[in-house]
Amino acid sequence: MLKTPLNKLISLVKDKYAWLALSAGCALTFAYAPFGIWPLTLLCLAIAIYVTDQPTPKKAAKYGFLFGFGWFALGISWVHVSIAQFGGLPIFASILAMALLCAYLAIYPALAFAFAARYGKQHWQKLALLISGFAITEYLRGSLLTGFPWLSFGYTLTDSPLNTLAPWIGEFGLTLICVALSYALYWLVRYQRYKAAAATLLPIALLYLFTTQTLDTRYSGQQLKTLLVQGNIAQSLRWEPEQFWPTMSKYQDMTRPNWTDVDLVVWPEAAIPEIEDYAFDYLINLDKAAAFNNTALITGIPDYQFATRNVYNTLIVLGKEQREDSEGQYRYLHRNRYQKHQLLPIGEFVPFEDLLRPLAPLFDLPMSSFSRGDAVQNNLIANGIHVLPAICYEIAFSELVRGNYTHDSDILFTVSNDAWFGDSHGPHQHMQIARMRALELQRPLVRVTNNGISGVYDPISNQQITIPQFTSDILSTELKLISGHSFFSKHGHMPVWIFVGLLLLLVGAVNSKSYISSKMEKAFF
């Protein structure tokens, strides 16, 4: 007899495995910033492996989906802040939108667990296929429909002892390390298979020892005096035309007493809300002031190009390009600029906009019609410093950031406006992601935002200095520049994909041999 939807729901509510999977997913949130209890990742994943160790892929997918739903429902609950406060949707509609987003994201871990259950005949095969499955599904999650690579497991290791692996295998590799360690924990607790657990841990331990002894980056002896300016402009005022000049004046006034003895001044994303062509006189004056004080300023600004009707989320450099310059460099559309490539869905572009824009204010936000810049662009040059830029959401795309890294890149610079997410854990996760990029590339991080978290981070010492959130403040600091290049900056994810490919080939070869043997046995006996 077929179960009705109500009976299925009652059965699910009574299912202890379902509650365990959902709870483990929710608890995973506390492994990320601002909580930072990174061992929870291994525990929660081990529980997920336990509940998805099922005889059928369908059951494994069900519990994997529930784990994933809990993982994202609590982990990205900050998205609901922006939908509820600025999206103009009724509370029921905003909750439904969040549920649909989390359900979509939960499909990816469900597929990874189902893949391992379907093709893993033995435990070592399930481990290999779970590692490979998460590699594939996490890649797809970060690529399909423009991608949403937020909350990958590897980010929880940003402040763990295992962060020394980041310059070698990146956050992507650390995610697979989390899966392997969690499976070892599962083996130990459930089956007391000490040899199997040791066989899993040994290669990781050897890799850890190797990487801590052979990293080819060090302090160069140079220091960069940097001034970060956090304006703390209310989100409700940022795009009101009558507030453009007060906002621009505020950033100028906060900077003016601090020009001297600074190598680089940085303002946040769209700190200048006026479109660039209209702000020409203001920018020329800033350019002259920066050059007069022997420094450079990088700021975010929207650029509407009337000839093409394209609008770009842009970073521009004012003041000195090279240290020996005596004058400023600015002119409209000068080459020393960066245009955002990875746009935020709904916030910066609206898919099917003719259909969606009339439905709700959520789909018609100010500045939600940006054009896409090139994927690969030149580093910014400010006062002789080569600056690797990323705007807001882009910092979560590891290969995009690495694609713009050059042997001349001195610092990693990212701007954002996290006022959309209020006093939630979203901005803390965003800063954690940026710090992981700095660990991967072994370059000092400078991050400036409208209302926090703004700060600097040294990937060698793991020291971070920040401006308090929700304050108008400045941070003047000296960054130690780093020489040498990380293994990850040279090779990216390719070594990890080679490893994943070898795992798949090994499992495929063993299963093929077993299949052929069974067929021959049936044929002859």
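Predicted model: local features only at pLDDT ≥ 70, side-chain atom pairs only at ≥ 80, totals over all residues.
Figure 1. The model holds zero disulfides by the rule applied, and C44 accordingly is in none, the nearest cysteine sulfur being that of C26 at 9.5 Å. C102 is likewise a buried residue with a relative accessible area of 2%, and the closest cysteine sulfur to its own is again in C26, at 9.7 Å, which is too far for a bond. A disulfide is a covalent bond between the sulfur atoms of two cysteines, and the cut-off used here asks for sulfur atoms within 2.5 Å.

Figure 2. Strand β3 (residues 296-305) pairs with β4 in the antiparallel sense over 10 bridges, with I301 standing opposite T314 of β4. The hairpin that these two strands make has four residues between them, and R309 takes a positive phi near 65° there. β4 also pairs with β5, again in the antiparallel sense but over three bridges, and here the bridge partner of L315 is Y338 in β5. Nine of the 10 residues of β4 are buried, so this strand is largely enclosed by the rest of the structure.

**Figure 3. Two aromatic pairs that involve helix α11.** Among the 29 aromatic pairs counted in the model, W245 and Y282 form one that is edge-to-face, with 5.8 Å from centre to centre and 80° between the planes. W245 belongs to helix α10 (residues 244-255) and Y282 to helix α11 (residues 280-292), so the pair ties together parts that are 37 residues apart in sequence. W245 counts as exposed at 51% relative accessibility, whereas Y282, at 7%, counts as buried. The rings of F280 and Y330 have their centres 6.1 Å apart and their planes at 45°, so this pair is tilted. It links distant parts of the chain, 50 residues apart, with F280 in helix α11 and Y330 in the loop between β4 (310-319) and β5 (337-339). F280 counts as partly exposed at 33% relative accessibility, while Y330 is buried at 7%.

**Figure 4. An aromatic cluster and two arginines placed over rings.** One aromatic cluster is formed by F67, W71, F72, F113, F134 and F153. Elsewhere, the charged end of R118 sits over the ring of Y119, at 4.7 Å from the centre of that ring. R238 lies over the face of W239, where the distance to the ring centre is 5.5 Å.

Conventions. Residues numbered from 1 in each chain as written. Heavy atoms only, no water. Phe/Tyr/Trp six-rings, centres within 6.5 Å; stacked < 30°, edge-to-face > 60°. Buried < 20%, exposed > 50% of the residue type's maximum accessible area, 1.4 Å probe, protein only. Lys NZ or Arg CZ within 6 Å of the ring centre and 35° of its normal. Pairing = 2+ DSSP bridges.
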